[in-house]
Amino acid sequence: MAEAPPLLALEGLKVSYGGIQAVKGIDLVVGRGELVCLIGANGAGKSTTLKGVTGLQPVSGGTVRYDGEDVTGRPAFELVRRGLAMVPEGRGVFGALSIEENLAMGAYIRSDKAGIREDVERAFALFPRLKERRRQTAGTLSGGEQQMLAMARALMSRPRLLLLDEPSMGLAPLMVQKVFETVIAVSREGVTILLIEQNAKLALEVSHRGYVMESGTITLAGEAKALLHDPKIRAAYLGVGA
Amino acid sequence: MDIFLQQIVNGLTLGCVYAVVALGYTMVYGIIQLINFAHGEVVMIGAMTAYSVIVALTGAQVPLPPVAIVLVGALVAMPVCMGVGYALERTAYRPLRGAPRLAPLITAIGLSIILQHLAMIVWTRNPLSYPQIIRQVPIHLTGNPDGATITNVQIAIIVASVMMMGALLALVYRTKLGIAMRAVAQNPSIAGLMGIDINRVIALTFVIGAALGAVAGVMVGSYYGIAHYQMGALLGLKAFSAAVLGGIGNLAGAMLGGLLLGVIEALGAGYVGELTNLCRLSGWFDALAQRCASDPNVTLFGSNYQDVFAFIVLILVLVFRPSGLLGERVADRA
């Protein structure tokens, strides 16, 4: 039997954003069970890459393969039904819906009520703050709590592949730590993760492999540990003098 | 006092119908920010379809009680209207989803004209007299034998409307589909990331609104005893005003707006003659005093001005509280 294809593979992916080609033909692979990060400065095209993957932004060239199958340009909901989940940039919780309703939407594709209830309890155990406020609207939560909710909601679909878009953005250091602890825990459970981050140091510390993106192209790729010690990366992203 | 009570009863009946129709406007607006001006025509098609069914059944002397015949009419009208609602969304509005907002608005007006004329071809341009197979039985509300009454048909309209509104609220706030509808209304692309097929949810919103509209059409036809291919235009515009009064996009608002508008209209119609009776001024004008001696009811406006009140309300709301009575609080949006 042939080896199983990587869970996510981008081949020469090009995505335009506002008339500008923000992603200029990148290759990126996320293997099963891997935690891969895509780091780079603000505006490098990281988020646009994810938008291209989930069909939120039209792809202008190249291929997105999910589980070996060409899914380029497919609407997001179809990918979600195949096991992909995403925590979007800016969290994207439904502010007028209660926390419970947000979680219910995370489990929209499932119909096993007992399993869903179990997962809600698990999410509440992981994030006790959410349990306290289960009937409040998500708009009343703090930024960090919304990030927790967005993560918990994404996990409700029991995804195989989790895409995280800047989960640490705008959060207090303590919250950032909590978010990354969660990322590691989810990864250990066997969920494949593609993590987009501006906080390069933290991202590389938790990841298996990393990609560095600069103005729409991948400039470096490799083992996360190696990237962490790469002098160019240290100078450009980790704030350490070369 | 009896006139007041009677007009309240009439107003609530009418208001229930407005509320049910207004829900169709407000649901669609809430989810895709489109004012579906063709919704009034969907209501008209509901009334017309039920009319044909009722006429056919009574003509064939089907041994069914009158109430059952009207019910069958409504049950046929519902899927017909749901089909029309779906077709409108699928063929006209969906292709324009990303277009500037003026495009779907003009399309809606165009569709409304198209539907009117299709209905004219099918049901002729003449007013159709709705078979009054359910005998209207007045029930006295006070001891006064000439006083205010409520009829069995009015009670049926109020009960059916309240039941439909309750069912809709339960659907939107208690079911997974309802949560999905609210999620799509808030943020369609994030809803897609939950695995929600946005197009399906939007289409269902149209279909549910159309089903409510169908029943409203049957109620209007049975209440006034008349149906006409243009009946949806004014009714739709009034229901739209009701939705704006309550705060468009807000379900409870549409219900409140509908009821208020119905009552305002009924009271307006009941009192406009009395309030604009020029004979009150006859002490000041000799000519007027002479006329009023022979006819004490020289009024400026009569109850035929009842249609004006809905639009006066619409204008006042737009000027003084554009977000409507229960309009969305912006802070709720994350």
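Start by selecting Ala19(B) and Val184(B): of the 178 residues in the largest nonpolar core, these two touch the most other members. Such a core is a set of buried Ala, Val, Leu, Ile, Met, Phe, Trp, Tyr and Cys residues joined through C-beta atoms within 7 Å, where buried means that 20 or more other C-beta atoms lie within 10 Å of the residue's own, with C-beta atoms placed from the backbone. The largest share of this core, 17 residues, comes from α1(B).

This is a predicted model: local features need pLDDT of at least 70, side-chain atom pairs count only at pLDDT 80 or more, and totals for chains, interfaces and linings use all residues. Residues are numbered from 1 along each chain as its sequence is written, and chains are lettered from A in the order in which they are written.

Next, show helix α1 (residues 2-32) and helix α10 (residues 251-275) of chain B, whose axes come within 6 Å and cross at roughly 145°. Axes are lines fitted to C-alpha atoms over the stretch in contact, and angles run from 0 to 180 degrees between N-to-C directions. Helices are DSSP runs of H or I with at least four residues, and strands are runs of E with at least two.

Move to chain A and select the open sheet of four strands, in the order β2-β1-β4-β5, with antiparallel pairing. Two strands pair if DSSP finds at least two bridges between them. β2 (20-30) and β5 (69-70) of chain A stand at the edges, each with a single partner strand, so one side of each has no neighbour in the sheet. Eight bridges join β1 (residues 8-17) of chain A to β2(A).

Definitions and conventions
A residue is buried if 20 or more other C-beta atoms lie within 10 Å of its own, exposed if 12 or fewer, and partly exposed in between; C-beta atoms are placed from the backbone.
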